[in-house]
Amino acid sequence: MKTLGLFLFMTVGVFTGSKHYFNKESITSVEIERINSRIDDIKNMIDTDHKYNTKIAFLVDMRVPSGKNRFFVYDLQKNEVIDQGLVAHGSGSETGVKGILKFSNTPNSNCTALGKYTIEKCYKGIFGKAYKLNGLDETNNNALKRAIVLHYYSAVPYGEQDYYISNSHGCPMVNEQFFKRIEKIIDGSKSKIILDIYY
């Protein structure tokens, strides 16, 4: 039945000419509930400060294993996830216990830092095009000092895996194909997009 649903989902996309990059059914109800719990806070931020993008937000759920889609592109006006992909966490966030991560804002910790970020100007780094991230919370306000950026890396697979993917030095690191899709959104935005990393 699941295969039939996926087939119909993809067929509709072909015949309507719309671009479906993922199966929305793959997002669990728990993940949706956790996304929804973050969205209200993001919308409140946007309402009080108009420098933020009112149409799109990025969310990363670090409770989801790294081999599964956990970077969500969220349409704030339609209230739905419109794209998703894999994203690596920092090697310093590993605890040695499967599924349990730790987080830090400390320089040289190689940890992912939780909190809300704004996506800043791009530059060309050792991995190619990357976007600087400005941490908005006490838990991530060293992001610029730590050189925490949104970038792609060839070792990050495109599709979901049954195993954990490679780690970063603390940066949200994605697959190049997925990066190209979110790059269009970022570059086309006249206001700052919020990225929320939570656990």
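This is a predicted model: local features need pLDDT of at least 70, side-chain atom pairs count only at pLDDT 80 or more; totals for chains, interfaces and linings use all residues.
Residues are numbered from 1 along each chain as its sequence is written, and side-chain values use heavy atoms, with hydrogens and water left out.

The secondary structure comprises three helices and nine strands, where helices (H or I, at least four residues) and strands (E, at least two) are DSSP runs numbered from the N terminus. Along the sequence the elements follow the order α-α-β-β-β-β-β-β-β-β-α-β. Of the 199 residues, 46% are buried; buried denotes under 20% relative accessible area, exposed over 50%, and partly exposed the range in between (1.4 Å probe, protein chains only). The accessible surface of the protein amounts to about 10,800 Å², and carbon and sulfur atoms account for 54% of this surface. Accessible areas were computed by the Shrake-Rupley method with a 1.4 Å probe, and for residues only the protein chains shown count as cover. Among contacts (heavy atoms within 4.5 Å) between residues at least 6 apart in sequence, 56% join residues at least 24 apart.

Helix H3 spans residues 176-187 and has twelve residues. From its first C-alpha to its last, H3 reaches 16 Å, close to the 16 Å expected at 1.5 Å a residue; the expected span is 1.5 Å times one less than the number of residues. The buried residues of H3 are Phe178, Phe179, Arg181, Ile182, Glu183 and Ile186. At the start of H3, a side-chain oxygen of Asn175 lies within 2.7 Å of the backbone nitrogen of Gln177.

Six aromatic pairs were found in the whole structure. Rings of Phe, Tyr and Trp (its six-membered ring) pair if their centres lie within 6.5 Å, with planes under 30 degrees apart counted as stacked, over 60 as edge-to-face and the rest as tilted. Phe127 and Tyr153 form an edge-to-face pair, at 5.2 Å centre to centre and 80° between the planes. Phe127 lies in the loop between strands E5 (115-125) and E6 (128-135), and Tyr153 in the loop between strands E7 (149-152) and E8 (173-174), so the pair ties together parts that are 26 residues apart in sequence. Phe127 is partly exposed, with a relative accessible area of 29%, and Tyr153 is partly exposed at 32%. Phe58, Phe71 and Phe178 form one aromatic cluster.

Charged side chains also lie over rings, a placement that requires NZ of Lys or CZ of Arg within 6 Å of the ring centre and within 35 degrees of the ring normal. Arg63 lies over the face of Tyr199 at 4.2 Å from the ring centre, and Lys132 over the face of Tyr123 at 5.9 Å.

His151 is located in strand E7 and is buried, with a relative accessible area of 3%. Not counting residues up to four places away in sequence, His151 touches Phe127, Lys129, Ala130, Cys171, Pro172, Met173, Val174 and Phe179.

Ser109 is found in the loop between strand E4 (87-88) and E5 and is partly exposed, with a relative accessible area of 22%. Leaving aside neighbours within four places in sequence, Ser109 is in contact with Gly92, Ser104 and Arg146. The side chains of Ser109 and Arg146 make a polar contact at 3.4 Å. A polar contact is a pair of N or O atoms within 3.5 Å; within protein, one must be able to donate a hydrogen and the other to accept it, and residues adjacent in sequence count only if both atoms are side-chain atoms. The C-alpha atoms of Ser109 and Arg146 are separated by 9.2 Å, the two residues being 37 apart along the chain.
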